[in-house]
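Subject: Structure for your attention

Dear colleague,

Please find below the structure I wished to hand over to you. I would be grateful if you could look through it together with the notes that come after it.

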Amino acid sequence: MSTVEEITSENAFTTHISSLPPTTTIIISFHTPWAAPCAQMSLILKTLASSYPPQTQPTISFLSLDAEALPEVSESYDVTAVPFLVIQRDGKVLEKVSGSDAAKVRGAVERHAGKGGNTGKVGLPPALEVTRREDDGAKNGTETKGEGEAEGGGGGGGLSKYAPGANDPKTAPEMSSTAGQKEELETRLRELVKAAPVMLFMKGTPSAPQCGFSRTIVGMLREQGVRYGFFNILADEEVRSGMKTFSDWPTFPQLYAGGEFVGGLDIVKEELESNPDFFADYVAAPKGKGGMAAPEDQKQPATALT
C-alpha cells in the first residue's frame, strides 16, 4: 500500500517532485503541530494512501509538509490556513482543499487520481453507493410509485412529473435559513479564535501584510517572542464581516489570546505599555524571534498559520 511521506526540507521537496513522472498525481498536505484539525487530516490521508497500491512508476504520491518549517513552499501555494491540501500534476495545481472534511478530501483525491482499492477502511467513511430499488412491479413491467410520490399526491410518472397534492405535507419547514447560517458562522468563529493560543486576524499574511496596522502588530508579536496563528481576512469575506460583529470591533487587525478578544493595534500597544509581560504566558521564542506557530491540523475552521 502507498504511504504518506513527510517532507522536512525545501530541497527534499524539490527533489521528490522532480523525481516523479509528469503523469503522477501529487497530494500535498500542509499542517502545523499546534492545530488540532491537522491530526484528523493526517489520519484521513494515511487511510486514503493505504487504498492505493504502490507501483514502480507511481501514479499517485502523498506528501506531508510542516507549513511553518517550510515557509517558502507554503507561500508558493498561497497557504494561509491549515490543514490545507493541494493536488497537482505535471507542475500544475488541479485543486485545493482547506479544512479536514473527510468527504471533501476523498472526493478531491478520487476526482483526479481515481478510486483506490479500499476506501472503506476504518477512519474514512466509505462513499455512498446509490442503486435503484428493483421490486416485483418493476420486474413485471408494471408502474410503481417513484420515491417521494405519496399516496393521494400529484399522480404518476415519477419525480419528473410530480406535483404536490392537497393532502401532501409541506416540503420545507416554515423558517428562514438565515438563522441557521448565522449560527453556523458563529460556531466557526468560536473555533477559529481558539485555533492557536494567540490568534491574529489580519489583512494579508505575516510575510506580506496588506496594511500598515497589520504590519505593525506582526512586528510587535515578533519582538515579544510570541508564537501565533493568523487568519488572512482578505481571503474570506464571510469571516471578515462576521468577526466585526463577533468581536464587536469594526476594524482589523484583531488579536485573540487564550480564546479571548484583546483588541486592535492601539489596545495591544496600551496593554504592553502598562504591562510589559502581557504576553508572558504565550512566549515561545527569544525576544525578537516570534512568528508563526507550529503547523498542525484543524477540522471545521481552517487554521491560519504565521
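The notes below describe the chain as a whole, then its central strands, its nonpolar cores and its cysteines.

Please bear in mind that this is a predicted model. The secondary structure of the chain consists of 9 helices and 13 strands. Of its 306 residues, 42% count as buried. Among contacts with a separation of 6 or more, 71% are made by residues 24 or more positions apart. The chain exposes about 16600 Å², and carbon and sulfur atoms supply 50% of that area.

Of the 9 residues of S2, 8 are buried. S2 runs parallel to S3, to which it is joined by 7 bridges; here histidine 31 stands opposite aspartate 66 in S3. S2 is also joined to S4 by 6 bridges, and these two strands run antiparallel. In that pairing, serine 29 stands opposite leucine 85 in S4. Together with helix H2 (residues 37-50), S2 and S3 make a right-handed β-α-β unit.

Which residues touch the most other members of the largest nonpolar core? They are Ile28, Phe30, Leu65 and Phe201, in a core of 33 residues. The elements that give two or more residues to this core are strands S2 (25-33), S3 (60-66), S4 (84-89) and S6 (198-202), together with helices H6 (178-192) and H8 (237-246). Apart from this core lies another, of 17 residues, including Leu200, Leu221, Val226 and Ala257. As a general point, nonpolar side chains in soluble globular proteins tend to be buried together.

The surroundings of leucine 65 may also be of interest. Leaving aside neighbours within four places in sequence, leucine 65 is in contact with Glu6, Ile7, Phe13, Ile28, Ser29, Phe30, His31, Leu70 and Val73.

Finally, I turn to the cysteines. How many disulfides does a search of the whole structure find? The search finds 0. Cysteine 38 has a relative accessibility of 5% and therefore counts as buried, since the cut-off for that class is under 20%. Cysteine 211 has a relative accessible area of 15%, so this residue is buried by the same cut-off.

With kind regards

Conventions
Residues are numbered from 1 along each chain as its sequence is written. This is a predicted model: local features need pLDDT of at least 70, side-chain atom pairs count only at pLDDT 80 or more; totals for chains, interfaces and linings use all residues. Side-chain values use heavy atoms; hydrogens and water are left out. A disulfide is a pair of cysteine sulfur atoms within 2.5 Å. Buried means under 20% relative accessible area, exposed over 50%, partly exposed in between (1.4 Å probe, protein chains only). A nonpolar core is a set of buried Ala, Val, Leu, Ile, Met, Phe, Trp, Tyr and Cys residues joined through side-chain atoms within 4.5 Å. Helices (H or I, at least four residues) and strands (E, at least two) are DSSP runs, numbered from the N terminus. Contact means heavy atoms within 4.5 Å. Two strands pair if DSSP finds at least two bridges between them. A crossover is right-handed if, with the strands pointing away from the viewer, the path from the first strand over the helix to the second runs clockwise. Accessible areas come from the Shrake-Rupley method with a 1.4 Å probe; for residues, only the protein chains shown count as cover.
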